[in-house]
Amino acid sequence: MYEPELLNFPEYRFRLKKENNTSYIFDEIRKKFLVLTPEEWVRQHLIQFLIREKKYPRSLIKLEGGLKLNSLQKRSDILLFNKYGEKIMLVECKAPSVKVSQETFDQVARYNFIHRVKYIVVSNGLHHFCSEIDFEKGSYRFLKEIPEYIG
């Protein structure tokens, strides 16, 4: 059973419950309780951060979307859209015990071959990295913070 730990986010209140020695957290996007794992703890914090601090509308957030990469079925943790339904940000969540490395970023970059979003975020709940992709130049740059929603 996972015991939630303090992460590098503002403090948020979550609906938690325990059943049969398993902890669950309520996901307000999918409207259901999910098994509380370290990665899910990070994902739920990031969702709240994006909604409350960065003003992304709940209705424009998609969780665990499927994608096909080199004939393999993969999933993205969080995908954000603008008001026109265009993908704008891809977020990959890792457990706090997982070091965010170049390999982690490469994983998300591979997913972005499919999504082609402007922003990529990787977080383990303790360290957060955001990069802006320039498809014309085939390059990216790290940003100091995750951009606010602008529509």
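Modeller: The structure contains 12 salt bridges, each being a side-chain nitrogen of Lys or Arg within 4 Å of a carboxyl oxygen of Asp or Glu. This is a predicted model, in which local features need pLDDT of at least 70 and side-chain atom pairs count only at pLDDT 80 or more, whereas totals for chains, interfaces and linings use all residues. Residues are numbered from 1 along each chain as its sequence is written, and side-chain values use heavy atoms, with hydrogens and water left out.

In general, side chains of opposite charge can pair when their charged atoms come close. Strands (E, at least two residues) and helices (H or I, at least four) are DSSP runs numbered from the N terminus. Lys18 is exposed, at 54% relative accessibility; on this scale buried means under 20% relative accessible area, exposed means over 50%, and partly exposed lies in between, with a 1.4 Å probe and protein chains only.

A second bridge joins Glu28 to Arg58, with the closest N and O atoms 2.3 Å apart. Because Glu28 lies in the loop between strand 2 (22–27) and strand 3 (32–35), and Arg58 in the loop between helix 1 (38–53) and strand 4 (61–69), this pair ties together parts that are 30 residues apart in sequence. The two partners fall into separate burial classes: Glu28 is buried at 19%, while Arg58 is partly exposed at 42%.

The loop between strand 2 and strand 3 also holds Arg30. The side chain of Arg30 meets that of Glu40 in a salt bridge of 3.6 Å, N to O. Here too the pair links distant parts of the chain, since Glu40 is in helix 1, 10 residues apart from Arg30. Arg30 has 25% relative accessibility and counts as partly exposed, whereas Glu40, at 5%, counts as buried. Both residues belong to one network, in which salt bridges with shared partners join Asp27, Arg30, Glu39, Glu40, Arg43 and Asp77.

A charge is taken to sit over a ring if NZ of Lys or CZ of Arg is within 6 Å of the ring centre and within 35 degrees of the ring normal. The charged end of Lys17 is placed in this way over Phe33, 4.3 Å from the ring centre. Arg116 likewise lies over the face of Phe135, at 4.0 Å from the centre of the ring.

Among the rings themselves, a search of the whole structure finds 6 aromatic pairs. Tyr12 and Phe14 have ring centres 6.5 Å apart and planes at 80°, so they form an edge-to-face pair. Both of these residues are buried. The pair of Tyr140 and Phe142 is also edge-to-face, because the centres are 5.6 Å apart and the planes stand at 85°. The rule applied to Phe, Tyr and Trp (its six-membered ring) asks for centres within 6.5 Å; planes under 30 degrees apart are stacked, those over 60 edge-to-face, and the rest tilted. Ring pairs also link Trp41 with Tyr12 and Phe14 in a cluster.

Tyr140 is partly exposed at 43%, as is Phe142 at 46%, the latter lying in strand 9 (residues 139–143).

Cys93 is buried, with a relative accessible area of 0%, and Cys130 is buried at 3%.
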